[in-house]
Amino acid sequence: MEQNTAENWQECIPGSLKLVEIEGKGRGLVASEPLKGGQVVLQESPILTFSAFPLKHGRNDEEKAANASSTYYCSHCYRQCMVSEGFSCPSCSHPSHTVFCSYKCLSSGLSKIHTPWVCDALRQFRHCSLLLDHQPEERQVQARYLVAAYNLAITSPSTFKTLLSLHGEGRQKDVDSAMFLHSIISSLSFPDGFSAPSVETIAALLDKESCNSFSLMEPYSVNGGRSARAYGLYKNASSFNHDCLPNACRFDYLDSIKDDKNSTDLVIRMIQDVPPGKEICISYFRVGLSYCERKQRLLDYFGFACFCDRCKVDESNDKDGSGGADDDDDDDSTFIAKYMCERENCGGTLAPLPPSNGNPFNIMECNFCGMLSKQKQE
Ligand SMILES: C[S@@+](CC[C@H](N)C(=O)[O-])C[C@H]1O[C@@H](n2cnc3c(N)ncnc32)[C@H](O)[C@@H]1O
């Protein structure tokens with residue numbers, strides 16, 4: 001599988017960032033100039049998006065369609081819309097399976113992401129009881145992802161090549177799912193010149209998804225779960241490494257942005273000032289997770305053990321028998337107090353609003369619930 005090195009990827013990275021090889025981490029991004037808290041260092045559209053809902057019990061399911069006042073997520077821009085105002089795919093077996101919020105999304109969606117091949121593939125999977133009834137729901141979402149990924153191979157080979165060049169080679173943990181998914185994908189019919197991807201390619205694609213995808217979350221609610229509505233893969237944003245005390249964080253503006261074309265754009269904004277040469281890291285999950293939860297997630301989803309300053313302290317506390325207690329560590333508690341959203345059931349990360357005319361703002365924005373608050377003093 002092709003893996004681009006830092007040198008031949010740099011051309012696509014914004015000038016304030018430099019892509020370098022970082023010992024023990026692969027590629028990573030460092031500041032090429034002084035960066036200010038709140039500064040936007042990357043804004044990028046996805047290579048690929050796919051729904052986070054299983055095929056069988058999706059949000060755009062029959063029972064939802066029966067209730068015209070229900071909300072759903074547009075299959076193109078993933079913004080929240082009313083079922084009664086939507087445009088359905090004319091070829092889907094049920095009008096609620098693929099719904100678009102506007103004629104513009106319908107037209108763009110049918111030509112790019114919900115092509116006749118995708119429509120046929122998803123219809124076939126919706127009749128596959130081996131997939132729907134005998135596998136975990138997660139497998140249905142993986143099937144959606146593979147159909148979206150292979151649709152790229154058919155419609156935009158250069159973008160598919162970019163996807164293949166992201167980090168992730170295929171891990172042992174993916175072999176069983178890759179074999180199963182290969183068996184059902186092989187039963188699809190492919191356009192002339194294309195054939196089913198091999199088990200190895202499927203395993204690599206699954207690994208790339210696990211290591212690089214960003215969750216586009218459902219709107220914040222005090223009582224609801226923190227779950228994804230869709231996932232997106234982004235070429236440059238996937239070069240940010242992880243740190244449990246990050247100096248940058250990601251934002252998206254799915255429901256607030258007016259232009260549906262850019263609704264799935266990802267924005268990476270600095271949390272703090274950073275000098276040139278320092279690595280820019282994001283946290284791959286909520287910063288408030290405990291040491292054990294972080295360690296487990298990093299290993300399961302991303303395949304690495306973290307040796308950031310926070311983990312080193314937590315690990316030594318763990319060995320001392322103090323249980324890796326996050327709150328005992330000064331850096332941790334200062335960071336959490338200053339940069340973690342306190343709103344109930346949120347736990348998002350706070351970053352200052354972008355500086356205006358070079359002047360920093362002391363207003364913080366939460367990257368999950370969107371709440372604005374005054375920056376806390378040291
Ligand atoms: C989204 S990619 C980040 C870019 C990646 N380093 C590359 O070379 O393309 C995620 C992968 O980077 C590596 N990585 C990220 N953060 C790391 C860290 N703190 N320590 C070690 N490896 C890390 C892991 O292999 C992880 O699966």
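How are α5 and α6 oriented to each other?

Modeller: Keep in mind that this is a predicted model. Helix α5 covers residues 137-155 and helix α6 covers residues 157-164. Their axes come within 5 Å and cross at roughly 135 degrees. An angle over 145 would count as roughly antiparallel, and 65 to 115 as roughly perpendicular, with the rest as oblique; α5 and α6 are therefore oblique to each other. On the α5 side, the contact is made by Ala149, Leu152 and Ala153. They meet Pro157, Thr159, Phe160 and Leu163 in α6. By class, the residues of this contact comprise 6 nonpolar and 1 polar, with no charged.

In the contact between them, 15 residues of domain 1 face 15 residues of domain 2. The domain 1 side of that contact holds 6 nonpolar, 5 polar and 4 charged residues.

The ligand has 18 residues around it, of which Gly26, Arg27, His167, Asn241 and Phe302 come nearest. Two or more residues each are given to this shell by β2 (26-31), α8 (199-212) and β11 (241-242), and β2 gives the most, with 3. The shell divides into 5 nonpolar, 10 polar and 3 charged residues. Both domain 1 and domain 2 give residues to the shell, so the ligand lies between them.

Methods
Residues numbered from 1 in each chain as written. Predicted model: local features only at pLDDT ≥ 70, side-chain atom pairs only at ≥ 80, totals over all residues. Axes fitted to C-alpha atoms, helices over the stretch in contact; angles between N-to-C directions. Helix = DSSP H or I, 4+ residues; strand = E, 2+ residues; numbered from the N terminus. Parallel < 35°, antiparallel > 145°, perpendicular 65-115°, else oblique. Contact = placed C-beta atoms within 7 Å. Nonpolar A, V, L, I, M, F, W, Y, C, P; charged D, E, K, R; others polar. Near = placed C-beta within 6 Å. Domains from an automatic or database assignment.
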